[in-house]
Amino acid sequence: MQTIYYDLRDTKGQQKEIEDKISAAAKILREGGLVGIPTETVYGLAANGLDETAVKRIFEAKGRPQDNPLILTIPGQQWLPRYCKDIPPLAYVLARKFWPGPLTMILKCRTDVVPSIITAGLDTVAMRCPNHPVTLAIIREAGIPVAAPSANTSGRPSCTTAQDVLEDMDGKIEGVVDGGPCTVGVESTILDLTCDPPRLLRPGGLPLEALEQLIGPIAVDKAVVSPLQEGEQPKAPGMKYRHYAPKAPVTVFTGAPEASAREIARRVGPTTGVICFDEFAHLFPQQEVHTLGPSNDKLAQAQRVFDALRTFDNSDVSEILAQCPDSRGLGLAVGNRLKKAAGFHIVESDSQRIVLGLTGGTGAGKTSALNAIRELGGEIIDCDAVYHEMLDHDQELRNTINATFPGVFGPDGKLNRQKLGQEVFAKKERLDKLNAIVFRFLIPELEWRMDSIPDGLYAIDAINLIESGLDRLCDRTIAVTAPTELRVRRIMARDNITEQYARLRISAQKPDEFYRGKCDLELNNAADTPEKFQREAKKFFERLVEALREEKRHGNK
Ligand code: TXA
Ligand code: MG
């Protein structure tokens, strides 16, 4: 099918030509076809809302789940009684004030008029009157209500330009009407008026504050602010689907803009994509960056958020880290779209979480130092253990290793460690290759694990703390060092080995100077017993944690 493009960006020109295009689009709709239409929020994919066969094609073109109902779009409140019943006076109050505009109202449905494919079998229907002259003219001319979900392929970020619509729908629909870029940029606010008090089902282009100012307190549906638990049903069925998601995993950083920018800057690597406010773009010279506009301009952020997410869909960044605005005004909707794209993987940048990275050679006392952190209530993340756990369970990691080192997984699915060892220890390039794969998978996994406790104290225990790039997760890195003679005696006693072998093992490792030079701090262990060193280490970490908490309190203001 050829998708016809109707350019209606400029409606001040040739009146006849404009009317012809509007008539053509209306005709397609009347005849059961699909047309991409502009609205002030996002582009819609329209079909005759009373024609079941036409509406079915919307679901097919979008790949949309059948249990997700559609919004019925009408040219004004006069049409409400045709499709709704028991309409509360409040609906008219809201329509008078906010229509045409980015507010969708859920009302009781005339089920004998509205096909059940629109409502997905519910006894309510979503009604909207968009504020876009072109679309209002098309609907009026067609003389029918149109079913119009957002024009994106299901699961992808919504479309804010006609080009976005073509990217997803070219060849699948009869036409696209270009009415210019959307002026609001996020979908309409959905308010359920079938309950008392009214309930916000989806934050959108009309700020919650504007509604509350007119009608008083509004309940906010749980699906707006948190991920759903298994088996839980949101009031708006569409809120349960993974949404707006680019291919790369997204992490959202809340908190004051300075704090979230700093937190992102600490975590980025060369293949990270960044979504940030304009002021902070300069912090990421190495990264692919899409800006959201100034941190104090929520309208700009709403206009750009989907474009930023969509653009990353066509890039091969390995992860996306995004700054999130506060939830006032349009910020609630912008933040909701980002958080949904992130599957609600959120880092609170204002958090008091502290991460220490410990490294050092054998016999220096790293184990005692970690015990001291445990005594202070800290959780130890043993990278080697996490790596081995992932080797058993993370199919993507296993596939990647197997593609590079074929045959290292046995027929029982278990990793043949000896074989992998032989492969990589013979040649440095191979070891580097394996490490690159492991670190690429390990770092996001560790971040994920730590993000669950925003106020906790963590210590990362990793031999290759610096080489792996794990140090960028840490607030401070600490080299545990000790005089060589002491280390020799300790490992002789600990591992019951000869002096010669102990010296050999120490000389096979990196010298203390390496760790000293690469870490932020040094914890030198000249104590004569492990217990004594542990006590010293505890004092050292106690002071350090206190200083870091203080630093965070100030930094986050
Ligand atoms: O701004 C907008 O509203 C855009 C433009 C194109 O008008 N449309 C839009 O439609 O966002 P869509 O289909 O992408 O999202 C509609 C949302 C879905 O989450 C759906 O579950 C919910 O509205 N919805 C539809 N009917 C409902 C009903 N009867 N009760 C509760 N939620 C409903
Ligand atoms: Mg949608």
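D86 lies in the loop between β5 (84-85) and α4. The model is predicted. In it, D86 has a positive phi of about 45 degrees, although this residue is not a glycine. Most residues other than glycine have a negative phi. D86 counts as exposed because its relative accessibility is 57%, and the cut-off for exposed is over 50%.

N496 also has a positive phi, near 55 degrees, and is a residue other than glycine. The loop between α18 (484-495) and α19 (499-508) holds N496. Its relative accessibility is 70%, so N496 counts as exposed.

Two peptide bonds are described next. Most peptide bonds are trans. The bond from W99 to P100, however, is cis, with omega near -10 degrees. P100 sits in the loop between α4 (89-98) and β6 (103-109). The bond from D196 to P197 is cis too, and its omega is near 0 degrees. P197 is placed in the loop between β10 (189-192) and β11 (199-202).

R535 counts as exposed because its relative accessibility is 54%, and exposed means over 50%.

How values were computed. Residues numbered from 1 in each chain as written. Chains lettered and ligands numbered in written order. Predicted model: local features only at pLDDT ≥ 70, side-chain atom pairs only at ≥ 80, totals over all residues. Heavy atoms only, no water. Buried < 20%, exposed > 50% of the residue type's maximum accessible area, 1.4 Å probe, protein only. Helix = DSSP H or I, 4+ residues; strand = E, 2+ residues; numbered from the N terminus.
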